[in-house]
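Please look over the sequence and the 3D structure below before reading on. The briefing that follows takes a few topics in turn.

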Amino acid sequence: FLARSYFTDTEDTETAEGSTIYEETRVVTQSWWAKISNRCPEWMFKKLDQPSRLYTLEDVQDFRPFLTRSTWGLEKIFCRPTNSRYIAIVDGPGSLTKAQLRSSLLCSLIGTALIILLLVAFLVWFQIP
């Protein structure tokens, strides 16, 4: 782990949450509504089960694809799965160019607009209010 300007070795079985460095550097913030609701009596709220995290394939494999100048493509930006995350390299020798960043943003906006337009056209065609 890297925290507070020093390194520490961890075993393969150690989790990040169990690390003392994690506890030292963790910052917890609450909104004003959460602070107010913490002061209310417990009978006012329904107790829910603790949610369990659903891991993606990339989480399990501990793999995050990098987007560099040479691996960039519009299909990787727009046609990716919704829960897929990429690490975009924006500084350094292999960083994305300004044109690549602009076209990625523009492609996402145009693609989203076309999907909405297609949905509206479908509703109009079948005369659904």
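Is Trp125 buried or exposed? Trp125 has a relative accessible area of 67%, so Trp125 is exposed, where buried means under 20% relative accessible area, exposed over 50%, and partly exposed in between, with a 1.4 Å probe and protein chains only. This is a predicted model, in which local features need pLDDT of at least 70 and side-chain atom pairs count only at pLDDT 80 or more, whereas totals for chains, interfaces and linings use all residues. Residues are numbered from 1 along each chain as its sequence is written, and side-chain values use heavy atoms, with hydrogens and water left out.

**Surface patch and Trp125**

- Trp125 lies in helix H5, which covers residues 98-125; helices are DSSP runs of H or I with at least four residues, strands are runs of E with at least two, and both are numbered from the N terminus.
- Together with Leu119, Phe122, Leu123, Phe126 and Ile128, Trp125 forms a nonpolar surface patch with about 670 Å² of accessible area.
- Patches are made of residues with over 30% relative accessible area and no salt bridge, with nonpolar side chains (Val, Leu, Ile, Met, Phe, Trp, Tyr) joined within 5 Å and like charges within 9 Å; a salt bridge is a side-chain nitrogen of Lys or Arg within 4 Å of a carboxyl oxygen of Asp or Glu.
- Accessible areas come from the Shrake-Rupley method with a 1.4 Å probe, and for residues only the protein chains shown count as cover.

**Aromatic pairs**

- The structure holds three aromatic pairs, meaning rings of Phe, Tyr and Trp (its six-membered ring) with centres within 6.5 Å, where planes under 30 degrees apart count as stacked, over 60 as edge-to-face and the rest as tilted.
- The pair of Trp32 and Trp33 is edge-to-face, because the ring centres are 5.9 Å apart and the planes stand at 85 degrees.
- Trp32 counts as exposed at 62% relative accessibility, and Trp33 is exposed as well, at 57%.
- The rings of Trp125 and Phe126 are stacked, because their centres lie 6.2 Å apart and their planes are at 25 degrees.
- Phe126 counts as partly exposed at 49% relative accessibility, and one aromatic cluster is formed by Phe122, Trp125 and Phe126.

**Ser95**

- Ser95 is found in the loop between strand S4 (87-88) and H5, and Ser95 counts as buried at 9% relative accessibility.
- Leaving aside residues up to four places away in sequence, Ser95 touches Arg69, Ile89 and Val90, where contact means heavy atoms within 4.5 Å.
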